[in-house]
Amino acid sequence: MRFMLALPLLLLPTACSAQYQVPTPAQQIALAIQPLPKEFQADASVLGYNKSGKLISLRATEGTMICLADDPKEDGFHPACYVRTLEPFMLRGRELRASGVKGDQVDSVRFAEVKSGKLVMPKAGALWQLIGPSDAVNVTTGVIGPKVKPLYVIYMPFATPESTGIPAAPSMGQPWLMLPGTAKAHVMFSMDM
């Protein structure tokens, strides 16, 4: 994660705002790829938002990674990038949420579809993301302040503590396995480690 330490400017609106400003496609792409290691940035596909707030393709590639730009309607800053093999699972989540499915029900539907074979999960896959307050990001310059922290995830569907040797609860800043035994099992890594 490239952290350019500088005094951030509040340029992203919050969810409390009656109006929100959607950054330009170039600004969204520049910020969306920031979670990725440099080797994946240039050829990552990027999904972002049009002026009406609809999720659209901003840059389509055949690269290894797909990035989701920060949603300007939401409070906070949260771009996320994942390996292309996770796209069926991620796309299905977006489709379900768009159709009105909420909360844990999204995963319940996806887990049932994985179990039935309708939705196929890869053996493993990385997710790179940044999380922080909106006011820690200068959309115009692309400067991301120190309040924005990286969070890394390695999806390992159906992994368990017994199959991996990774504990199922966080402890002393060590990696841990979230949602063990499910299609969404993943190892969590944070900057505190």
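Modeller: The description below begins with the sheet, continues with a helix and ends with the aromatic pairs. Please bear in mind that this is a predicted model.

Eight strands make up an open sheet of mixed pairing, and their order is β2-β1-β3-β4-β5-β8-β10-β9. At its edges lie β2 (55-59) and β9 (176-178), each of which pairs on one side only. On average, neighbouring strands of the sheet are turned by 25° against each other, direction ignored. Within the sheet, β1 (residues 45-49) and β3 (residues 65-68) run parallel and are joined by three bridges. S45, for example, has I66 as its bridge partner in β3.

Helix α3 (residues 87-98) packs on this sheet, where it touches β1, β2, β3, β4 (80-83), β5 (125-131) and β8 (149-155). The direction of α3 makes about 135° with that of β4.

The structure holds two aromatic pairs. F89 counts as buried because its relative accessibility is 1%, under the 20% cut-off. Y155, at 6%, is buried as well. R110 lies over the face of F89, at 3.8 Å from the ring centre.

W128 and Y152 form an aromatic pair that is also edge-to-face, with 5.1 Å between the centres and 70° between the planes. Here W128 belongs to strand β5 and Y152 to strand β8, 24 residues apart. W128 is partly exposed, at 22% relative accessibility, and Y152 is likewise partly exposed at 22%.

Methods: Residues numbered from 1 in each chain as written. Predicted model: local features only at pLDDT ≥ 70, side-chain atom pairs only at ≥ 80, totals over all residues. Heavy atoms only, no water. Pairing = 2+ DSSP bridges. Helix = DSSP H or I, 4+ residues; strand = E, 2+ residues; numbered from the N terminus. Axes fitted to C-alpha atoms, helices over the stretch in contact; angles between N-to-C directions. Contact = heavy atoms within 4.5 Å. Phe/Tyr/Trp six-rings, centres within 6.5 Å; stacked < 30°, edge-to-face > 60°. Buried < 20%, exposed > 50% of the residue type's maximum accessible area, 1.4 Å probe, protein only. Lys NZ or Arg CZ within 6 Å of the ring centre and 35° of its normal.
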